[in-house]
Amino acid sequence: MAEINKYTDTLKKYKTDLKDADIAEKVEEIISKKFAQNDNREVYKRLYSCIDLTSLNTTDTREDIWKFTEKVNGQDGASDLANVAAICVYPNFIETVKEALTADVKIASVAGGFPSSQTFTEVKIAETALAVASGADEIDIVLNLGFFMDENYEELSEEIDEIKHACREAKLKVILETGALKSARNIMKASLLALYSGADFIKTSTGKGYEGATLEAAYVMCTAIREYTAKTGRKAGFKASGGISATTDAVKYYTIVKEVLGEEYLNNEYFRIGASRLADSLLDSIKE
């Protein structure tokens, strides 16, 4: 039992019994006091450089992805504005992006049975390895919520660890699907288990089937990153994703990251926003 208990023991080192009402109150206080100072053009520009520009449609075609990539190419060097951080697609389109891409941005791919994560671990590992071999710099997977709900932390963590190994040099982002986890307590536990298992980033949502990102989830996840880093010395990033399309919303997530994690996290090495429509909103805000 000692081997199995190491996951539960890890969780015991942290305060996980969080109250949703307390988190909501803290978020409201941060936004009311700090939002205004971040609502400016320089922050919009920084936010643009933190976007994982995403196309994850069932109807995506090779031509769609080629045009999508060319739009990113057109932004490269067009102004003093740094380009988006990455282009995120399904694994079968990685080579299309790689062929079309001339801009200096990363190629990200979902993998591991996205978006449900309900398939064989061996399939998840194989898909991840194939995505990396095709040219993905970053891999986005979904934490196995079935294991989490069963409190089967051993299999959950070992699966992430094996997928991380299959990533080789690619960064691994682990999606918690916070809309399914619902409570701050669950989100905190899932964040810590993902970090313990080797996640380079923890991410809120898939944007498929459940509520997307919330500021409350972001606060809890950033708190987990801060506390995990304090105990282990290993830094990890935060990614908000799912329904973030307005400049105002993006600034709110920026504000949470800034207040909980600090200035050093306000760059695309440690902060991302997964979005499809946000880029245009930010560009419009920057031009105003």
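A residue is called buried when its relative accessible area is under 20%, exposed when it is over 50%, and partly exposed in between, using a 1.4 Å probe and protein chains only. Keep that in mind for the close-ups of this predicted model, in which local features need pLDDT of at least 70 and side-chain atom pairs count only at pLDDT 80 or more, while totals for chains, interfaces and linings use all residues. Residues are numbered from 1 along each chain as its sequence is written, and side-chain values use heavy atoms, with hydrogens and water left out.

View 1. Side chains of opposite charge can pair when their charged atoms come close. Here, a salt bridge is a side-chain nitrogen of Lys or Arg within 4 Å of a carboxyl oxygen of Asp or Glu; by this rule the count comes to 20. E29 counts as partly exposed at 41% relative accessibility, and K33 is exposed at 57%.

**View 2. A negative patch includes E216 and residues of helix α2.** The members of this surface patch are D20, D22, E25, E28, E211 and E216. Patch residues have over 30% relative accessible area and no salt bridge, with like charges joined within 9 Å and nonpolar side chains (Val, Leu, Ile, Met, Phe, Trp, Tyr) within 5 Å. Helix α2 (residues 20-38) gives the most, with 4 residues. E216 lies in helix α11 (residues 215-232) and, at 32% relative accessibility, is partly exposed.

**View 3. D140 has salt bridges to both K203 and K239.** In the D140 and K203 bridge, the closest N and O atoms are 3.0 Å apart. This pair links distant parts of the chain, since D140 is in strand β4 (residues 138-142) and K203 is in strand β6 (residues 201-203), 63 residues apart. The bridge from D140 to K239 has an N to O distance of 2.9 Å. This second pair also links distant parts of the chain, with K239 in strand β7 (residues 237-241), 99 residues from D140. A network of salt bridges links D52, E138, D140, K173, K203, K239 and R272.

**View 4. Strand β5 pairs with β4 and with β6.** Two strands pair if DSSP finds at least two bridges between them. β4 and β5 are parallel and share 5 bridges, with I141 having V174 of β5 as its bridge partner. β5 and β6 also run parallel, joined by 3 bridges, and K173 stands opposite F201 in β6. Because 4 of the 5 residues of β5 (residues 171-175) are buried, this strand is largely enclosed by the rest of the structure.

**View 5. F68 sits in helix α4.** This helix covers residues 62-75. With a relative accessible area of 15%, F68 is buried. F68 and T54 are 14 residues apart along the chain, and 9.2 Å separates their C-alpha atoms.

Technical notes. Accessible areas come from the Shrake-Rupley method with a 1.4 Å probe; for residues, only the protein chains shown count as cover. Lys and Arg count as positive and Asp and Glu as negative; His and the chain ends are not counted. The place of a charge is taken as NZ of Lys, CZ of Arg, CG of Asp or CD of Glu. Helices (H or I, at least four residues) and strands (E, at least two) are DSSP runs, numbered from the N terminus.
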